[in-house]
Amino acid sequence: MTQLGQSPTAVSGSDVRPPNATEISTGAPPGISTAALHTPLPTPQLSKRRKAGLLIVLILGSLSALPPLSIDMYLPALPEVADSLGTGAATIQLTLTACLLGLGLGQLIVGPMSDQLGRRWPLIAGMACYVVASVACAFAPTVEILTGCRFVQGLAGSAGVVIARAIVRDLYSGVAMARFFSTLMLVSGVAPILAPVFGGQLMRVTDWRGIFLVLAGTGVVLIFVVIRWLPETLPPERRQSGGVPAALRAMGGLFKDRVFTGHLLVGSLVFAALFAYVAASPFVVQEIYGASPQTYSMVFMANSIALVLMSQVNGKILVGRVPVHRTMSIGLGMITLSAVALLVMTTGVFGEANLLAISVGLFFLMGSMPLVLPNANSEGLDRAPHAAGAASALLGAFQFFIGAVASPLVGVAGEHTAVPMAVVQLVAVLAGALCYFTMCRPKRSAARPTLPG
């Protein structure tokens with residue numbers, strides 16, 4: 001952590017020593033002993049350490065925010081993209097599917113690669129490819145070429161999210177890791193709040209192609225930040241060798257762990273419910289209920305605020321005080337109730353619902369997800385300290401793969417009904433709950449030690 005202010009040439013794998021067991025269990029940053037945490041520090045040193053920790057949060061949060069930025073910023077423009085390229089809603093939603101598939105496949109490649117080569121250089125290479133792909137998206141002449149470019153954009157952008165998650169596992173474990181993930185969601189959660197709002201405002205001065213150029217510029221900024229301020233957290237002595245066969249063996253070993261696989265499926269299925277909302281909401285809000293792109297961005301922002309606020313409730317209040325299995329059970333129950341309510345409203349069983357009613361249902365659906373997603377990731381990664389990159393890759397890849405399956409399903413009945421969105425959400429969360437209670441068996445597992453107070 002103390003090397004954050006050094007030049008890129010001064011940062012190497014040997015500059016950051018691996019944390020010892022005591023540091024991991026307490027969440028101490030590498031290079032800071034447990035005793036040091038309880039020893040009063042001079043104000044300048046304490047301030048420097050806090051700034052270093054804050055910088056790590058901001059960098060990793062920004063990297064984790066890249067997929068939401070890539071997906072959400074052009075959501076208000078989806079109807080315009082369809083008109084511009086002369087295609088329908090279902091076809092244009094395939095551009096979302098392609099991006100999600102790229103994000104999933106890329107994590108399977110980059111995650112294990114970072115276990116072997118370190119975290120920094122695979123990350124920088126991925127960001128450089130992301131910039132090129134974003135520019136290609138901006139100049140795509142047909143929907144087929146745009147879909148292909150979106151796949152490459154997702155493939156390259158996956159480096160940010162998978163390596164950020166692996167870095168967290170390099171530095172933290174247990175309760176400290178769960179709290180860090182919730183803090184990370186606060187930073188990365190700003191992206192889905194601001195992205196559609198920013199995208200909607202950009203639509204006033206440019207078209208959908210300009211949005212992709214802005215994304216390319218964001219990638220350039222992140223490359224500079226990583227080179228300048230992000231240290232290597234996986235020194236050579238902790239890296240894996242053996243190439244692709246070793247990576248495949250590591251992944252195979254993780255799949256043999258029933259509890260890891262259970263948390264992987266839970267997080268992925270809940271993520272599918274989230275992406276059913278992401279893919280369908282531009283057409284549901286704008287085409288069915290007649291909202292403008294700016295009104296849609298406000299609705300999206302409100303739901304994202306719910307997600308961020310509940311992330312902080314989870315990280316600052318619940319983690320360490322309420323057993324994780326109980327928090328996840330409550331979250332799954334709340335998501336299920338919200339999905340049932342949305343299905344009832346969209347089918348018109350009790351009369352036609354208005355935009356306000358649908359927005360309230362989506363608000364509670366999104367607000368319940370932080371009780372499940374960060375905890376599922378934390379519980380899964382906690383079982384793989386020996387292969388954080390591979391574990392991070394599997395957790396992230398399956399989320400985006402299943403999300404990619406869910407995205408086109410919401411458009412199978414056309415763009416004038418919201419029923420498919422509600423059905424996909426309900427089926428996904430019910431399947432997630434089934435996986436959780438059968439594979440993770442939360443009542444039989446020992447709860448994490450609770451913190452005092």
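A patch, as I use the word, is made of residues with over 30% relative accessible area and no salt bridge, where like charges are joined within 9 Å and nonpolar side chains (Val, Leu, Ile, Met, Phe, Trp, Tyr) within 5 Å. A salt bridge is a side-chain nitrogen of Lys or Arg within 4 Å of a carboxyl oxygen of Asp or Glu. Accessible areas come from the Shrake-Rupley method with a 1.4 Å probe, and for residues only the protein chains shown count as cover.

The model is predicted: local features need pLDDT of at least 70, side-chain atom pairs count only at pLDDT 80 or more, and totals for chains, interfaces and linings use all residues. Residues are numbered from 1 along each chain as its sequence is written, and side-chain values use heavy atoms, with hydrogens and water left out.

Overall, the protein has 18 helices and 0 strands; these are DSSP runs numbered from the N terminus, helices being H or I of at least four residues and strands E of at least two. Of the 453 residues, 57% are buried, meaning under 20% relative accessible area, with exposed being over 50% and partly exposed in between (1.4 Å probe, protein chains only). The protein exposes about 17300 Å², and carbon and sulfur atoms supply 69% of that.

Now the patch. Leu 101, Leu 105, Ile 109, Met 113, Leu 117, Phe 151 and Val 152 form a nonpolar patch on the surface, with about 540 Å² of accessible area together. Helices α5 and α7 (143–171) each give two or more residues to this patch, and α5 gives the most, with 5.

Helix α5, residues 89–117, also holds Gln 107. Is Gln 107 buried or exposed? Gln 107 is buried, at a relative accessible area of 0%. A polar atom of its side chain lies 3.1 Å from the backbone oxygen of Leu 103, and one lies 3.4 Å from the backbone oxygen of Gly 396. Beyond neighbours within four places in sequence, Gln 107 has contacts (heavy atoms within 4.5 Å) with residues including Ser 158, Arg 165, Ser 392 and Phe 400.

Last, the cysteines. A disulfide is a pair of cysteine sulfur atoms within 2.5 Å, and the count is 0. For Cys 440, the nearest cysteine sulfur is that of Cys 435, 8.2 Å away. Cys 137 is buried, at 0% relative accessible area, and Cys 440 is buried at 5%.

Note on methods: A polar contact is a pair of N or O atoms within 3.5 Å; within protein, one must be able to donate a hydrogen and the other to accept it, and residues adjacent in sequence count only if both atoms are side-chain atoms.
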